[in-house]
Amino acid sequence: MFDRMFHAAARRTKQEFHAYTAPMLPIPKNSRWNGLVYLHGRLPEEPDDTALNQLVVTSGDFGLAYLTERWAARFVSELFRNYVVCFVGYSINDPVLRYMMDALAADRMLGEVTPQAWALGDCEPGQEHRKTIEWEAKGVTPILYEVPAGSHDHSALYQTLHAWADTYPGNFTAPLEIGLFLLHKVRITKHLPATKQRGL
């Protein structure tokens, strides 16, 4: 996401946060990072060629960020090793990130302990099994929410995020189980193993 909507919302609600913009990224550890990361860059408030050239948009940009200069790859790999990650509005179809997710899954199969990645994913009624398989093939546990067939109605996702924010204002580090509970409250379809449904 390149836009400045988080900044606009922060101004409107009188909240402050620190922002890190690519390629100047922090080390994703609690002692060194507390803020919002624009991994693929952020649009400048005023037109600025330097800032626009730092956006990760083309395949060449991805190659620089993840393979040649590797600043994005370092950040993402450390992020997945140190935090529980939940994707929202992102399908993980970029080849480089797919390779990274595959590598983490391979690490887990070899006995390495890395946090499970999650994703809030849309799903039409009756497609839960297929969607679950698609996400799990990417090394991610899905939390599916229902989107009526033939529509682009993601209101269940918005209701969940609002409920989460209302329940834990200012605390975005609440355990994922809280998010799962709220998903259940707004009747989002989910298909999780019983071991993942603690507290629901």
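1. R81 counts as partly exposed in this predicted model, because its relative accessibility is 37%. R81 forms a salt bridge with D107, and the closest N and O atoms of the pair are 2.9 Å apart. Since R81 lies in helix 4 (residues 71–82) and D107 in helix 5 (residues 95–109), the pair ties together parts that are 26 residues apart in sequence. D107, at 19% relative accessibility, counts as buried, because the cut-off for that word is under 20%.

2. How many salt bridges does a search of the whole structure find? The search finds two, and besides the pair of R81 and D107 there is a salt bridge between E134 and R130, with the closest N and O atoms 2.4 Å apart. E134 and R130 both lie in helix 6, where they are four residues apart, about one turn of the helix. E134 is partly exposed, with a relative accessible area of 34%, and R130 is also partly exposed, with a relative accessible area of 39%.

3. K138 deserves a careful look, and a student may begin with its place in the chain, which is the loop between helix 6 (128–137) and strand 5 (140–146). K138 is buried yet has no salt bridge, and the nearest side chain of opposite charge, that of E134, is 5.9 Å away. What K138 does have is a polar contact of 3.1 Å, which joins its side chain to that of N93. Leaving aside residues up to four places away in sequence, K138 touches S91, I92, N93, R98 and M101.

4. I92, one of the residues that K138 touches, has a place in the loop between strand 3 (86–88) and helix 5. I92 is buried, with a relative accessible area of 0%, and it has a positive phi of about 55 degrees although it is not a glycine. K14 likewise has a positive phi, in this case of about 60 degrees, and is not a glycine either. K14 is found in the loop between helix 1 (5–13) and strand 1, and at 74% relative accessibility K14 counts as exposed.

5. A further point on the backbone concerns A22 and P23, which are joined by a cis peptide bond with an omega of about 5 degrees. P23 is found in the loop between strand 1 (19–21) and strand 2 (36–38). Most residues other than glycine have a negative phi, and most peptide bonds are trans.

6. Which residues of helix 7 are buried? They are A156, L157, T160, A163 and W164, and, seen down the axis of helix 7, the buried residues fall within an arc of 130 degrees, so they line one face of the helix. The face turned away from that buried side carries the exposed residues Y158, H162 and D166. The length of helix 7 (residues 155–167) can be checked as well, because at 1.5 Å a residue its 13 residues should span 18 Å, and its end C-alpha atoms are 18 Å apart, which agrees.

7. P115 has its place in the loop between helix 5 and strand 4 (117–123), and it is partly exposed, with a relative accessible area of 23%. P115 and V84 are 31 residues apart in sequence, while their C-alpha atoms are 5.4 Å apart in space. Not counting residues up to four places away in sequence, P115 touches F80, R81, N82, Y83, V84 and R108; among them is R81, which forms the salt bridge with D107.

8. L67 belongs to helix 3 (residues 59–68) and is exposed, with a relative accessible area of 56%. The C-alpha atoms of L67 and V96 are separated by 8.6 Å, although the two residues are 29 residues apart along the chain.

9. For the chain as a whole, there are eight helices and five strands, and read along the sequence they follow the pattern α-β-β-α-α-α-β-α-β-α-β-α-α. Of the 200 residues of the protein chain, 36% count as buried. Among the contacts with a separation of 6 or more, residues 24 or more positions apart account for 50%.

Methods
Residues are numbered from 1 along each chain as its sequence is written. This is a predicted model: local features need pLDDT of at least 70, side-chain atom pairs count only at pLDDT 80 or more; totals for chains, interfaces and linings use all residues. Side-chain values use heavy atoms; hydrogens and water are left out. Helices (H or I, at least four residues) and strands (E, at least two) are DSSP runs, numbered from the N terminus. Buried means under 20% relative accessible area, exposed over 50%, partly exposed in between (1.4 Å probe, protein chains only). Lys and Arg count as positive and Asp and Glu as negative; His and the chain ends are not counted. A salt bridge is a side-chain nitrogen of Lys or Arg within 4 Å of a carboxyl oxygen of Asp or Glu. A polar contact is a pair of N or O atoms within 3.5 Å; within protein, one must be able to donate a hydrogen and the other to accept it, and residues adjacent in sequence count only if both atoms are side-chain atoms. Contact means heavy atoms within 4.5 Å. The expected span of a helix is 1.5 Å times one less than its number of residues. The arc is that of the directions from the helix axis to the C-beta atoms.
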